Amino acid sequence: MAMTDGNRSYSVRDMIKENKKKQSGQQFVEWLMPKLLLLTATISILTTIGILFTLLFETFIFFERVSIVEFLTSKEWLPWDGKTGSFGVAPLVTGTLLTTAIAMVVAIPIGLASAIYLSEYASEKARKVLKPILEVLAGIPTIVYGFFALTFVTPLLQKIIPNLGIFNALSPGIVMGIMIIPMVASLSEDAMSSVPNSIREGALGLGSTKLEVALKVVLPAATSGIAASFMLAISRAVGETMIVAVAGGSSPVFTFDVTKSIQTLTAYIVQVTTGDAGYGTTVYYSIYAVGMTLFVFTLAMNLLAQYISRRFREEY
Amino acid sequence: MEKLIDKQRVVQHMNGRLLRNNVLKFLFFLATLFGLIVLVVLLYRIFTQAIGWLNMDFLNNFPSRRPENAGIKAGLVGSLWLMVIVAPVSLILGVGTAIYLEEYAKKNRFTDFIQTNISNLAGVPSIVFGLLGLTLFVRELNLGRSILAAGLTMSLLVLPVIVVAAQEALRAVPNQLREASYGMGATKWQTIYRIVLPAAIPGILTGSILALSRAIGETAPLVVLGIPTFLAYLPRGILDTFTVMPMQIYNWTSRPQADFQNVAAAGIVVLLVVLIFMNSIAIFIRNKFQKRY
């Protein structure tokens with residue numbers, strides 16, 4: 001049986017045929033899309049592999065020229081000294097640890113106190129206003145913080161500590177801490193907010209003050225989340241570049257004196273790549289060895305953070 | 001007989017505890033304010049330093065050895081050029097990955113592996129991405145210090161942020177929509193493309209714009225790539241070399257003449273204005289289009 005519609009005639013058979021044609025096109029798309037999407041998903045894995053390979057490969061070339069023992073044990077980092085230079089990573093590591101430690105001294109107490117305020121004391125309204133404003137701090141480009149450290153914080157500190165150098169570890173450390181406050185506050189607040197209210201009410205019902213609830217009940221219950229946020233904060237501080245490159249100076253000295261100019265792992269990479277260390281020189285390959293050190297450090301902290309929050313998560 | 005509860009002692013004791021509560025509450029509040037105070041001081045300092053230097057010349061001039069002639073034009077245009085690469089590349093890769101993980105991937109080891117890998121990538125310092133870009137794009141693929149090399153490096157850097165944002169947006173689309181679509185006879189891809197994706201777009205865009213504004217402010221990877229800070233011409237294609245605002249600011253901060261500090265401040269103001277503009281678009285999209293189901 002055929003239906004006529006103007007000049008064209010449709011038989012059921014034609015319609016089925018046409019539908020089948022359309023469907024085979026559809027089936028192709030249905031088959032293709034997951035594969036294309038999987039391909040995009042593998043890019044992230046390829047990126048990790050790429051990072052690992054470039055770092056390993058070029059670090060290997062570096063260690064063909066400089067012994068790994070010297071790299072790990074020598075306390076002198078003088079890459080431009082003489083023909084061979086001297087490559088002991090310790091001064092860069094101490095510089096990094098120094099600024100990171102200062103940043104943590106600033107970020108952890110203030111961040112945690114903010115988290116307690118936002119999660120336990122602030123009204124819903126106040127939290128809605130305060131949290132986004134606090135997070136603006138995290139969105140400011142690090143070069144701006146570097147400028148702020150160099151032109152405002154350092155001169156201010158020099159009034160208190162007269163022998164503070166123009167470049168020092170203290171000022172970038174403090175500013176880095178300020179930058180990290182929102183991260184600690186936000187992640188710790190998430191951890192504390194997920195502690196169920198029934199537990200708070202139980203403690204309040206026994207006559208605790210809000211402070212006692214916060215410090216003796218909520219804080220211990222949220223320990224894993226809070227510890228994970230500290231690990232991520234440390235990792236962030238170790239990897240931070242522009243603040244220390246601008247305000248920390250470029251003196252790789254093995255020191256724990258915060259008033260002196262230092263150099264961090266990241267700042268060294270910046271110094272070499274802005275200068276003109278020729279391709280293929282030992283100095284050129286040294287940035288990969290330093291980058292590898294940095295990568296291992298931060299990866300360890302990140303994995304530790306993931307492990308802590310997974311392993312010790314309290315289920316309610 | 002000894003009293004079971006000595007009311008006076010309880011009251012006395014209670015006062016101390018309440019006092020401690022109030023004092024610490026105030027301290028916690030101060031700590032929260034501390035960040036805001038620093039933010040205000042920072043902005044105030046930069047604006048007062050920049051005020052005399054911000055004018056049309058500053059926007060229209062190329063860099064110069066004399067601070068009064070220095071301008072940010074090369075960086076401003078360069079930052080826009082960077083977006084030409086970063087926006088499409090990171091969006092396609094990021095949203096594609098998110099759709100795969102949320103809609104197609106089965107719960108197995110491989111999916112877990114991709115997911116863990118993405119959160120680890122998010123924690124890799126940006127300067128390490130610079131080293132990857134230097135080796136892979138600048139040297140191995142011979143792209144030189146071009147917009148393309150820098151754009152690809154930056155795309156990989158912001159990829160994890162976009163993936164996570166897009167995943168959250170996709171997860172927020174309720175299952176009833178998908179079921180209704182299947183019920184009408186739509187196929188899986190049709191459902192994703194016509195129903196799920198449009199519903200998730202506001203969330204995806206909000207996250208992506210925030211990621212892109214991060215890319216605009218990043219300096220470290222570009223320093224490692226060797227992007228120049230001093231360019232007196234504009235790029236004409238994606239294989240040309242270029243400079244961006246943060247690089248120019250970095251250059252100005254490291255110059256000895258005092259006046260260049262003011263130029264740097266002026267540059268920072270322009271950079272912040274661009275970032276605030278992008279952030280307000282993100283907030284606008286979130287408020288305007290975010291539906292609740």
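**Entry 1. Terms and model**

I take helices (H or I, at least four residues) and strands (E, at least two) as DSSP runs, numbered from the N terminus. I note that this is a predicted model, in which local features need pLDDT of at least 70, side-chain atom pairs count only at pLDDT 80 or more, and totals for chains, interfaces and linings use all residues.

**Entry 2. Annotated spans of chain B**

I looked up the UniProt record for chain B, whose positions are given in the numbering used here, with feature names shortened and annotations that may be inferred rather than shown by experiment. The unreviewed entry lists "domain: ABC transmembrane type-1" at residues 76–281 of chain B. Over residues 76–281 of chain B I find 78% helix and 0% strand, with the end C-alpha atoms 19 Å apart.

The unreviewed UniProt entry also gives "transmembrane region" for residues 26–47, 80–101, 121–141, 147–170, 191–212 and 263–285 of chain B. I checked two of these spans. Residues 26–47 of chain B are 100% helix and 0% strand, and their end C-alpha atoms lie 31 Å apart. Residues 191–212 of chain B are likewise 100% helix and 0% strand, with 28 Å between the end C-alpha atoms.

**Entry 3. Annotated spans of chain A**

For chain A, the unreviewed UniProt entry places "transmembrane region" at residues 36–63, 87–112, 133–153, 165–185, 213–234 and 283–305. I find residues 213–234 of chain A to be 95% helix and 0% strand, the end C-alpha atoms being 28 Å apart. Residues 283–305 of chain A are 100% helix and 0% strand, and here the end C-alpha atoms are 33 Å apart.

**Entry 4. Chain A against chain B**

How many residues does each chain bring to the contact? Counting contact as heavy atoms within 4.5 Å, I find 74 residues from chain A and 70 residues from chain B. Buried area is the accessible area (1.4 Å probe) that two parts lose on being put together, summed over both. For chain A and chain B this comes to about 6300 Å², 77% of it on carbon and sulfur atoms.

I then looked for salt bridges (a side-chain nitrogen of Lys or Arg within 4 Å of a carboxyl oxygen of Asp or Glu). There is one between chain A and chain B. It joins B:Arg17 to A:Glu212, with the closest N and O atoms 2.7 Å apart.

For polar contacts I require a pair of N or O atoms within 3.5 Å; within protein, one must be able to donate a hydrogen and the other to accept it, and residues adjacent in sequence count only if both atoms are side-chain atoms. Between chain A and chain B, 15 residue pairs are in polar contact, both residues at pLDDT 80 or more. Helix α1 (residues 12–65) of chain A gives the largest share of the side of chain A that touches chain B, 19 residues.

I class Ala, Val, Leu, Ile, Met, Phe, Trp, Tyr, Cys and Pro as nonpolar, Asp, Glu, Lys and Arg as charged, and the others, Gly among them, as polar. The side of chain A that touches chain B then has 46 nonpolar, 23 polar and five charged residues.

**Entry 5. Salt bridges over all chains**

**Entry 6. Domains within chain A**

Domain bounds come from an automatic or database domain assignment. Chain A has domain 1 (24–65) and domain 2 (77–312), and 31 Å separate their centres, taken over C-alpha atoms. I find 10 residues of domain 1 of chain A in contact with 12 residues of domain 2 of chain A. The two domains of chain A bury about 1000 Å² between them, 80% of it from carbon and sulfur atoms. A:Leu55, A:Phe62 and A:Arg65 lose the most area in domain 1 of chain A, together 54% of what that side buries. The side of domain 1 of chain A that touches domain 2 of chain A has six nonpolar, two polar and two charged residues.

**Entry 7. Domains within chain B**

Chain B divides into domain 1 (7–51) and domain 2 (58–291). Their centres, taken over C-alpha atoms, are 36 Å apart. Five residues of domain 1 of chain B are in contact with seven residues of domain 2 of chain B, and the pair buries about 510 Å², 79% of it on carbon and sulfur atoms. B:Ile46, B:Gln49 and B:Ala50 supply 75% of the area that domain 1 of chain B buries there, more than any other three residues. Between these two domains of chain B I count zero salt bridges.

Key. Residues numbered from 1 in each chain as written. Chains lettered and ligands numbered in written order. Heavy atoms only, no water.
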